[in-house]
Amino acid sequence: MTDAATPAAAPRPATFTTASPATREPIAEHPVDGPEDVSRAVIRARADQAGWAALPAGRRRGHLLRWKKALAADLDAVVRTIAEETGKPAGDAALEVVLTLEHLNWAARNAERVLRRRKVGTGLFTVHQRASLVHRPLGVVGVIGPWNYPLYTPMGSIGYALAAGNAVVFKPSELTPGTGVLLAELFDAAVPCHAGLLTTVTGAASTGDALARSGVDKLAFTGSPETARKVMAVCAETLTPFLAECGGKDAVIVTADADLSAAADAIVWGALSNAGQTCAGVERVYAVREIHAALCEQVVQRARTLRPGAGADAAYGPMTLPSQVAVVERHVTGAISAGARALLGGPESVRAPYVAPVVLTGVPETAAAVTEETFGPVVVINPVADVDEAVERANASRYALGAAVFCRNGRAGAAIAARLCAGAVSVNSVLGFAAVPALPFGGSRDSGFGRIHGEEGLRAFTSVQSTTVQRFTPPIALTSFDVPAATRERAVRLARALHRRR
């Protein structure tokens with residue numbers, strides 16, 4: 001019993017420990033930020049945002065470019081943190097950082113041009129008005145990030161939101177909090193006069209829920225459709241705008257005249273890199289029947305040489321999320337039970353925490369391996385009669401994020417791409433759009449809605465204000481009770497006559 005004269009010790013803040021996906025050895029301990037912690041972070045960010053938004057756009061650009069330089073200077077430390085938390089090879093983590101730098105550089109350098117005040121034309125009855133619109137910062141943007149690309153993916157929201165004049169409160173995945181903490185620390189060190197503009201809060205679902213309820217002016221989320229629906233429902237209570245990127249089941253179409261070597265190389269990389277844990281990775285391939293067998297042979301030949309592991313020679317690492325191993329096993333086992341053939345690997349490929357490459361063919365279109373996101377190193381290559389059937393099957397998915405087309409003629413490939421429902425399509429490459437900062441990224445259906453990256457990504461974190469300034473008194477002031485009825489009628493007759501002629 002505690003003596004009445006001795007104050008009780010303060011309760012120890014709740015924490016959680018991250019672990020290596022490969023060895024399950026502990027990495028670091030982080031606080032579980034609750035509603036009060038998140039609220040304080042948002043309040044602080046809101047206070048800091050006012051000064052940030054008041055800066056000339058050129059000053060914000062300079063600060064963000066200094067942050068970019070700090071990330072580049074500490075690239076090795078960032079790579080180590082990403083690789084340690086996700087299990088991916090250092091080379092993959094380095095590529096993630098490099099792509100992030102490209103996007104941050106573009107956002108910083110283009111925000112002023114994209115978001116500056118713009119004049120717009122007026123009509124016949126508003127010629128006396130000068131009209132313009134401007135994109136204004138929202139205020140504080142909440143970002144809930146994923147574990148598969150813990151830097152590149154959330155920075156598609158963080159970097160663009162900051163460039164647009166907002167503050168950001170970032171909740172990284174509970175599997176990769178160290179990457180988010182390091183990101184905010186590097187910002188504070190590079191831009192000390194605006195320290196706290198980017199704040200990282202850590203924890204699991206309860207912390208994300210607190211961020212959704214915290215009064216942020218927009219929430220950008222990356223994760224599963226199921227979780228997105230739950231978070232969106234919370235945001236709906238306060239009409240908080242919501243941006244969702246919820247993964248995909250991306251398809252590749254390979255035509256009869258395609259370069260099969262190039263297609264096979266791209267398919268293997270798109271399906272197996274990062275252990276297949278890529279939202280816009282390759283999961284389905286539809287190859288016209290006459291080249292299907294040859295393509296499968298080349299894909300298997302390339303994939304057979306790849307091995308997962310923790311060593312420097314590993315092609316890819318472990319499954320970062322332990323529970324995803326069971327999903328992969330269920331998809332592979334279910335496909336084979338439904339009549340599919342395993343051209344490489346099979347259920348025996350699943351040896352947690354690693355999954356060796358699996359190539360399937362003849363998978364029924366109703367099988368989970370075709371309809372659900374596998375998020376593992378598994379690719380389905382099904383034959384189709386022609387391009388029309390390939391397009392039909394590609395579009396039949398409840399996901400619509402990315403896709404690719406391999407076709408000898410680039411113009412013909414672009415025409416096929418235009419028929420696909422995906423939000424982003426690469427012709428004769430996979431994920432080509434991810435490395436182009438000017439291109440918006442996002443999907444529809446169960447892949448979510450809204451766009452990051454590019455001009456649309458900058459505008460996504462702003463509100464539009466429309467302004468009119470009256471230049472002179474109009475000859476006919478229609479917005480006045482003093483206008484005679486006869487004058488109003490003449491104006492209506494004039495408008496009717498003009499619009500019937502045009």
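In this predicted model, the lining of the second largest pocket divides into 15 nonpolar, 6 polar and 5 charged residues, where Ala, Val, Leu, Ile, Met, Phe, Trp, Tyr, Cys and Pro count as nonpolar, Asp, Glu, Lys and Arg as charged, and the others, Gly among them, as polar. Because the model is predicted, local features need pLDDT of at least 70 and side-chain atom pairs count only at pLDDT 80 or more, while totals for chains, interfaces and linings use all residues. Residues are numbered from 1 along each chain as its sequence is written, and side-chain values use heavy atoms, with hydrogens and water left out.

**Second largest pocket**
- This pocket (on a 1 Å grid over the protein atoms alone, an open set of points where a 1.4 Å probe fits, with protein on both sides within 12 Å along at least five of seven lines) has a volume of about 470 Å³, a volume being the space filled by probe spheres set on the points.
- Its lining (residues with an atom within 4 Å of a point) holds 26 residues, with Leu99, Tyr149, Trp269, Leu431 and Ala434 closest to the centre.
- Helices H4 (90–115), H5 (152–163) and H9 (260–272) each give two or more residues, and H4 gives the largest share, 4 residues; helices (H or I, at least four residues) and strands (E, at least two) are DSSP runs.

**Largest pocket**
- The largest pocket has a volume of about 1,000 Å³, and of its 38 lining residues, Trp147, Phe221, Gly223, Ser224 and Thr227 lie nearest the centre.
- Two or more lining residues come from each of helix H7 (205–212), strand S8 (218–222), helix H8 (225–237) and helix H11 (324–337), with the largest share, 6 residues, from H8.
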